[in-house]
Amino acid sequence: MDDEILDQSMFVVYQLVSWIASVAIIFGGVVPYIPQYRDIRRTQNAEGFSTYVCLVLLVANILRILFRFGRYFETPLLWQSIIMIITMLIMLNLCTNVRVATELNTKRRSFTDFDWNYFWSWSRFVDYLQCVVAFTVLTAYVTYLLLDSVLFVESLGFLAVFTEAMLGTPQLYCNYQNKSTEGMSIKMVLMWTSGDTFKTGYFLLTQAPMQFWICGLLQVCVDIAILFQVYFYSHYPQKPVSHTTHTTSAKAL
């Protein structure tokens, strides 16, 4: 009798932990963008947020959803991609409206101009939406044609998670170029690291496809490399730092 009660209790605990982990994996990725969204709305200034982050995450998560048609993975990961796509579209809509409202140049740029010089710098949210839909339709059609190819499916999955894993490399390279991490929030990087570590552990425990946890480990390595830059450049400055800049940096961190 006692063993049966213990087994039931362990089952309930396991189900509760699994549910909490699923909710965390679904919504955890969008949490850092909530304060960013509120800050842009409050200041009506979107210069501190790169819309190319939205581009990378949209591409990565669209490809991940298509990958599921060829290789099954956990449903929470599917919902994570859907929630992230919606979040990035919301961020794009806000950034576009704010930029257009403050832009002095009255010339409007659109997706249908097919001008590479202004790619992903269009004047209306609908142009970004058209680009996303066009990319989704094209990649979905190619996936449909090559769905029987194991090589294509596995490559699609790797490309999806590798694209997301490389999200931190521009920041890593920027820090290296500047020989400094001034103005970068350490709290944000710590949030990335903890989130990516949790996500990678989730991939391993749920036996997600190999591409997921390999690129998850790569993402954690990039986060750790950025944290190492914070330590290295703060203890071994590579360039003179003015008192004004240092104060601003301290406030940002």
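For what follows, Ala, Val, Leu, Ile, Met, Phe, Trp, Tyr, Cys and Pro count as nonpolar, Asp, Glu, Lys and Arg as charged, and the others, Gly among them, as polar. This is a predicted model, in which local features need pLDDT of at least 70 and side-chain atom pairs count only at pLDDT 80 or more, while totals for chains, interfaces and linings use all residues. Residues are numbered from 1 along each chain as its sequence is written, and side-chain values use heavy atoms, with hydrogens and water left out.

**The overall fold**

The protein chain has 10 helices and 0 strands. Helices here are DSSP runs of H or I with at least four residues, strands are E runs of at least two, and both are numbered from the N terminus. Along the sequence, that gives the pattern α-α-α-α-α-α-α-α-α-α. Of the 253 residues in the protein chain, 35% are buried; buried means under 20% relative accessible area, exposed over 50%, and partly exposed in between (1.4 Å probe, protein chains only). As for contacts (heavy atoms within 4.5 Å), take those in the protein chain between residues at least 6 apart in sequence: 74% of them join residues at least 24 apart.

**The nonpolar core**

A nonpolar core is a set of buried Ala, Val, Leu, Ile, Met, Phe, Trp, Tyr and Cys residues joined through side-chain atoms within 4.5 Å. The largest one has 46 residues, and the members that touch the most others are Ile40, Leu58, Leu77, Met88, Trp120 and Phe212. Two or more residues of this core come from each of α1 (2-27), α2 (33-43), α3 (51-70), α4 (75-102), α5 (125-145), α6 (150-165), α8 (186-205) and α9 (210-235). Helix α4 gives the largest share, 12 residues.

Leaving out residues up to four places away in sequence, Leu58 touches Ile85, Met88, Leu89, Leu92, Trp120 and Val132. Then there is Thr51, which lies in helix α3 and counts as buried at 11% relative accessibility.

**A cavity**

On a 1 Å grid over the protein atoms alone, a cavity is a set of points where a 1.4 Å probe fits but cannot get out, and lining residues have an atom within 4 Å of a point. Grid points are joined across faces, edges and corners, and a volume is the space filled by probe spheres set on the points. Searching the whole structure turns up 1 cavity of 30 Å³ or more. The largest cavity holds about 50 Å³ of space. Its lining is made of Arg64, Val161, Glu164, Lys199, Phe203, Phe212, Cys215, Gly216 and Gln219. By class, that lining has 4 nonpolar, 2 polar and 3 charged residues. At least two lining residues come from each of α6, α8 and α9, with α9 giving the largest share, 4 residues.

**Salt bridges**

The whole structure has 6 salt bridges, each being a side-chain nitrogen of Lys or Arg within 4 Å of a carboxyl oxygen of Asp or Glu. Here are some of them, with the N to O distance.

| Pair | Distance |
|---|---|
| Arg71 and Glu154 | 2.9 Å |
| Asp127 and Arg124 | 3.2 Å |
| Lys199 and Asp196 | 3.6 Å |

Arg71 sits in the loop between α3 and α4 and Glu154 in helix α6, so their pairing ties together parts that are 83 residues apart in sequence. Arg71 is partly exposed at 31% relative accessibility, and Glu154 is partly exposed too, at 26%.

In the second pair, Asp127 is buried with a relative accessible area of 0%, whereas Arg124 is partly exposed at 44%.

Lys199 and Asp196 are 3 residues apart in helix α8, which puts about one helical turn between them. Lys199 is buried at 8% relative accessibility, and Asp196 is buried at 10%. Shared partners link Arg64, Glu164, Asp196 and Lys199 into one salt-bridge network.

**Two positive phi angles**

Gln44, in the loop between α2 and α3, has a phi near 55°, a positive value in a residue other than glycine. Gln44 is partly exposed at 43% relative accessibility. Phe114, in the loop between α4 and α5, also has a positive phi near 55°. Phe114 is exposed, with a relative accessible area of 65%.

Note on methods. 1 Å grid on protein atoms, 1.4 Å probe; cavity = no way out; pocket = protein on both sides within 12 Å on 5 of 7 lines; lining within 4 Å.
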